[in-house]
Amino acid sequence: MAMVIKSYGKLIIRKKDHQPVIPAEKAQQFMVILDRWYSLQAGGRFGLFHKRPDGRYKVTAMRLTAEQLPAMVRPWHHGDRIALKNGGHQKVHRVLIDAKVPNDRRERVSVLVAATGDVLAVLGIKSRPMINPDAPQLYLVESNQSFLERKGIDNG
């Protein structure tokens, strides 16, 4: 027997499982050590580097003060907000909706937060440049983290 799932313009046809679905474990919180790659539960990898690495990556330049370090990765919470370039803020929940992240994948999304608690990035989806002229330059580098896979029919 087949099961059809429609999610954000994508049609998935799968064999129907007769086993109950067990929710994925929440991602754990951890401290980010500079100049090291990290893998995420939602897929892909990221790192916070002193030098911009060579290659085809999504790179966001950040200037973080000593008070903002060390950065942490943790699961997103409903009250989280990320600052926008125009000075405003946007809820992380709205970022996920705008990026068309399916509901079943949202619980696996992590955020990068400064030691001050400010959300620096919704990893794999949206990041904000931090401009502190007196702080050293760092680079948030992300690789292969798009939730927006190919569109159309996916025979999973």
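**Ground rules**

The model is predicted, so local features need pLDDT of at least 70 and side-chain atom pairs count only at pLDDT 80 or more, while totals for chains, interfaces and linings use all residues. Residues are numbered from 1 along each chain as its sequence is written, and side-chain values use heavy atoms, with hydrogens and water left out.

**Overall picture**

The chain holds two helices and 14 strands. Helices (H or I, at least four residues) and strands (E, at least two) are DSSP runs, numbered from the N terminus. Of the 156 residues, 35% count as buried. Buried means under 20% relative accessible area, exposed means over 50%, and partly exposed lies in between (1.4 Å probe, protein chains only). Contact means heavy atoms within 4.5 Å. Among contacts between residues at least 6 apart in sequence, 62% join residues at least 24 apart.

Strands of a sheet pair through backbone hydrogen bonds, either parallel or antiparallel. Here, two strands pair if DSSP finds at least two bridges between them.

Look at E6 and E13. Six bridges join them in the antiparallel sense. Thr60 has Leu140 in E13 as its bridge partner.

Now look at Trp37 in strand E4. Trp37 is partly exposed, with a relative accessible area of 28%. Leaving out residues up to four places away in sequence, Trp37 touches Arg45, Phe46, Gly47, Phe49, Tyr57, Val141 and Ser143. Phe49 is 12 residues from Trp37 along the chain, and their C-alpha atoms are separated by 8.9 Å.

Strand E10 (residues 110-113) has two faces. Ser110 and Leu112 point one way, Val111 and Val113 point the other way, and all are buried. Strand E7 (residues 72-75) pairs with E10 in the antiparallel sense over four bridges. Val73 stands opposite Leu112 there. E10 and E11 also run antiparallel, joined by three bridges. In E11, Val119 is the bridge partner of Val113. The hairpin of E10 and E11 has five residues between the strands, and Gly117 takes a positive phi near 95°.

**Two nonpolar cores**

In soluble globular proteins, nonpolar side chains tend to be buried together. A nonpolar core is a set of buried Ala, Val, Leu, Ile, Met, Phe, Trp, Tyr and Cys residues joined through side-chain atoms within 4.5 Å. The largest has 17 residues, of which Val32, Phe46, Leu48, Leu112, Leu123 and Leu140 touch the most other members. Strand E5 (45-49), strand E11 (119-122) and E13 each supply at least two residues of this core. Another core, of 12 residues, lies apart from it, and its members include Val95, Val109, Val113 and Val119.

**Charged pairs**

Side chains of opposite charge can pair when their charged atoms come close. A salt bridge is a side-chain nitrogen of Lys or Arg within 4 Å of a carboxyl oxygen of Asp or Glu. The structure holds three salt bridges.

| Salt bridge | N to O distance |
|---|---|
| Glu142 and Lys58 | 3.6 Å |
| Asp80 and Arg74 | 2.9 Å |
| Arg94 and Asp98 | 3.4 Å |

Glu142 in strand E13 and Lys58 in strand E6 are 84 residues apart, so this pair links distant parts of the chain. Glu142 is buried at 4% relative accessible area, whereas Lys58 is partly exposed at 34%. Asp80 and Arg74 are both buried. Arg94 and Asp98 sit four residues apart in helix H1 (residues 92-98), separated by about one helical turn. Arg94 is partly exposed at 41%, and Asp98 is partly exposed at 46%.

Arg128 lies in the loop between strand E12 (126-127) and strand E13 (137-143). Not counting residues up to four places away in sequence, Arg128 touches Thr60, Met62, Ile82, Ala83, Asp118, Val119 and Leu120.
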